[in-house]
Amino acid sequence: MDDTVYRQLVGSLMYLVNTRPDICYAVNQLSQAMVKPTKLFWKAGKHVLCYLRGTSGYGSWYKQEDADWPGSSRGQVYGSKDIRYHHIRDCVERRIMLLSDIPTEDHDADILMKALTRRKFEYHQGRIGVADNPYLVEREC
Amino acid sequence: MEKYKARFVARGFSQIEGIDYEETFAPVTRYSSIQTILALSGQMGWHIHQMDVKTVFLNRVIEEEVYIEKPKGFEVFSSESHVCRLKIELYGLKQVARALYTQIDSYFIGLGFSKSEADPNLYQIVVEGKLLIIVLYVDDLILTGDELLILSCKKDLAIEFEMKDLGLLHYFLGLEIWQRSGGLFISQGKYAREILEKFNMHDCKLVHIPLLGG
């Protein structure tokens, strides 16, 4: 297989991450082999395409927040080490920001940074708003 | 196909810097600005409207002294060696994109909009506690925020710049956008299917997660 074609594939997928953060980690892994893609990476690249084939209509769904916005319902989750940043410390001290413990299984950023089992993958995928087009049926009518 | 257009264009590639043009740089909006606007509008329940410029270039007086050859069919017998001096800017000139930006920019600033420090194509104004946000992308405009402000701003823009009102935003930079009450959905479904075609994987087996062996 041609190395250039592999780079084109990864490049094409990178642009897709704009609306598909669920493939972010996979694409990140693929991009490690841009210089000399091995057979294994080719296989992994095709695997991403197989995944896309069943989910090509997926995208990012931004739901309107409830009236209590900006309420406490669902805040941003940061990795623990970010908390060291002075700015965040400052915000906490000035009570602009509230820190709370998030159970490990609810760290949605994991989908961007780790390989996950199907169950966890789909759990975070739903929580970060990646879904099949909820309005498509209505438009076709 | 909506209509056919014939355009008299200048051959900008023969222009020489310092003689036929000076500055040509025009800023383009950040992709992250557009993403943020989409996410914010979805969460706030705002509509996103779109407009584009029809012929703004053609009504600006040109600053430099630029000559062009007479177009075919307009030659005058006995004065074949004559050329035309441009009075207004034409499509094809190198300075046109910058001229467009400068013109729209000064219009917004004149109306009292403030410009983002992080993105020179992102404008916002607060009128009586209501917010209006505008993103400029070359000759496309995206408006969001308070619905009444959007409508009145669109009316003014249509008069000032001969802009065309494209209504609610459906498609932008390859993004397919669905705006419904209660939310907003963006996808690159067409693009995803093009990738599958290009790499000949449009009939491969289906898998549930993107990572191999996970």
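Predicted model: local features only at pLDDT ≥ 70, side-chain atom pairs only at ≥ 80, totals over all residues.
**Chain A and its helix α6**

Chain A contains seven helices and two strands, and along the sequence these elements follow one another in the pattern α-α-α-β-α-α-α-β-α. Of its 141 residues, 23% count as buried, and among the contacts in chain A with a separation of 6 or more, 58% are accounted for by residues 24 or more positions apart.

In α6(A) the buried residues are A:F121, A:H124 and A:Q125. They lie on the same side of α6(A), because the arc they cover around the axis is only 105°. An α-helix has 3.6 residues a turn, so residues three or four places apart point the same way. The cover over the buried residues of α6(A) includes α5 (110-113) and β2 of chain A, and just after α6(A) the residue A:G129 takes a positive phi of about 90°.

**The contact between the chains**

Chain A gives 38 residues to the contact and chain B gives 34 residues. On the side of chain A that touches chain B, the elements giving two or more residues are α1 (3-16), α2 (24-30), α3 (39-55), β1 and α6 (118-127) of chain A. The largest share of that side, eleven residues, comes from α3(A), and by class the side of chain A that touches chain B has 19 nonpolar, twelve polar and seven charged residues.

Five strands form an open sheet in the order β2(A)-β1(A)-β11(B)-β10(B)-β9(B), with antiparallel pairing. At the edges stand β2 (130-131) of chain A and β9 (171-172) of chain B, each of which has a single partner strand, so that one side of each is left without a neighbour in the sheet. Strand β1 (residues 59-63) of chain A and strand β11 (residues 183-187) of chain B run antiparallel and are joined by five bridges. Within this pair of strands, A:K63 stands opposite B:G183, while the bridge partner of A:W61 in β11(B) is B:F185. Helix α1 (residues 31-44) of chain B packs on the sheet, where it touches both β1 of chain A and β11 of chain B, and the direction of this helix makes about 150° with that of β11(B).

In the hairpin of β5(B) and β6(B), two residues lie between the strands, and B:E128 takes a positive phi near 50°. The hairpin formed by β6(B) and β7(B) also has two residues between its strands, and in its turn B:V138 has a positive phi of about 55°.

Methods
Residues numbered from 1 in each chain as written. Chains lettered and ligands numbered in written order. Pairing = 2+ DSSP bridges. Helix = DSSP H or I, 4+ residues; strand = E, 2+ residues; numbered from the N terminus. Contact = placed C-beta atoms within 7 Å. Axes fitted to C-alpha atoms, helices over the stretch in contact; angles between N-to-C directions. Buried ≥ 20, exposed ≤ 12 C-beta atoms within 10 Å, placed from the backbone. Nonpolar A, V, L, I, M, F, W, Y, C, P; charged D, E, K, R; others polar. Arc of directions from axis to C-beta.
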